[in-house]
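Here is a briefing on one protein model. Keep the structure open while reading; the points are grouped by topic.

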Amino acid sequence: GMDSIEPLREFPPDDHANNAADTAQHKTAGKFQADQFARIPEGVSPDGRARKNAKLGHGRAPFAAFLKQNIDVGLGSDSVASNNTCDILEEARFATLLGRMDAPISADQVFSAATIGGSRCLKLGGSIGQLSEGASADFAVLSLEGVHQLPIYDPVVATIFSSSGRDLIMTVVSVKEVFKDGVVAKIDEERMKARMKEVQLK
């Protein structure tokens, strides 16, 4: 059998790569040819963590090439252990700008990767990542009223290129409101910040 990144191993990993996932990231995305895509096992879906990989010098995935080949791609932020902020909109914007070094990528394509693309990568397409009958009621409400977002000609373009998590108004997961107006439900943020400072001093 062939593991999920075996087709990528013929490209030497970046010198700083330190795990299997990062081996799949390569600085020269243009080397990814059609025959390599043909040998990626069916059902394998990559996720993009462009900012984390750029920060750690782990190279970059051929995001534009994945999209061109109609491969399901999701976006992720990793954790604060390797990425200073976990903001999916910042990830989406960075992935778009980096990917456009290789080929055109639209805001709609990246918005799809950040939403339904992630659900497809997790083999949960149809149940999360979209607002549709039968899907889990997971959604976020974003303000597009900020001066930094104007002018707005297309709400998706404004979301990807002008917005961040700071513009979030509300988040609902499985019908339950988990964030609203800057407050996370059922979490004592002051206690959490105090605990983080304690850990920082150790």
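**Pocket, core and fold**

Helix α6 is the top contributor to the lining of the largest pocket, giving five residues. The model is predicted. Its protein has 202 residues, and 36% of them count as buried. Eight helices and six strands make up the secondary structure.

**Largest pocket**

- The space in the largest pocket is about 1,400 Å³.
- The lining has 38 residues, and I88, L89, A140, L168 and T171 are the closest to the pocket centre.
- At least two lining residues come from each of α5, α6, β3 (139-142), α7, β4 (168-173) and α8 (189-201).
- By class, the lining holds 22 nonpolar, eleven polar and five charged residues.

**Nonpolar core**

- In soluble globular proteins, nonpolar side chains tend to be buried together.
- Here the largest nonpolar core contains 17 residues. F63, L75, I105 and V110 have the most contacts inside this core.
- Four helices each supply at least two core residues: α4 (63-68), α5 (88-99), α6 (107-121) and α7 (155-162).
- Helix α4 gives the most to this core, with four residues.
- What does F63 touch beyond its neighbours within four places in sequence? F63 is in contact with V73, L75, A95, I105, V110 and A113.

**Helix α6 and S119**

- S119 sits in helix α6.
- Is S119 buried or exposed? S119 has a relative accessibility of 1%, so this serine counts as buried, the cut-off being under 20%.
- Setting aside residues up to four places away in sequence, S119 touches L124, G125, I128 and G129.

**Cysteines**

- A disulfide is a covalent bond between the sulfur atoms of two cysteines.
- How many disulfides does the model have? The count is zero, with a pair of sulfur atoms required to lie within 2.5 Å.
- C86 is partly exposed, at a relative accessible area of 45%.
- C121 is buried, at 19% relative accessible area. That value falls under the 20% cut-off, so C121 counts as buried.

**Backbone exceptions**

- Most residues other than glycine have a negative phi, and most peptide bonds are trans.
- L150 and P151 are joined by a cis peptide bond, with omega about -5°. P151 lies in the loop between β3 and α7.
- V175 is not glycine, yet its phi is positive, near 75°. V175 belongs to the loop between β4 and β5 (176-180).
- V175 is exposed, with 65% relative accessible area.
- K186 also has a positive phi in a residue other than glycine, near 60°. K186 is in the loop between β6 (183-184) and α8.
- K186 is exposed, with 86% relative accessible area. The cut-off for exposed is over 50%, so both V175 and K186 qualify.

**Element order and contacts**

- In which order do the elements run from the N terminus on? The order is α-α-β-α-α-β-α-α-β-α-β-β-β-α.
- Among contacts in the protein with a separation of 6 or more, 64% are between residues 24 or more positions apart.

Methods: Residues numbered from 1 in each chain as written. Predicted model: local features only at pLDDT ≥ 70, side-chain atom pairs only at ≥ 80, totals over all residues. Heavy atoms only, no water. Buried < 20%, exposed > 50% of the residue type's maximum accessible area, 1.4 Å probe, protein only. Core = buried A, V, L, I, M, F, W, Y, C linked by side-chain atoms within 4.5 Å. Contact = heavy atoms within 4.5 Å. 1 Å grid on protein atoms, 1.4 Å probe; cavity = no way out; pocket = protein on both sides within 12 Å on 5 of 7 lines; lining within 4 Å. Points joined across faces, edges and corners; volume = space filled by probe spheres on them. Nonpolar A, V, L, I, M, F, W, Y, C, P; charged D, E, K, R; others polar.
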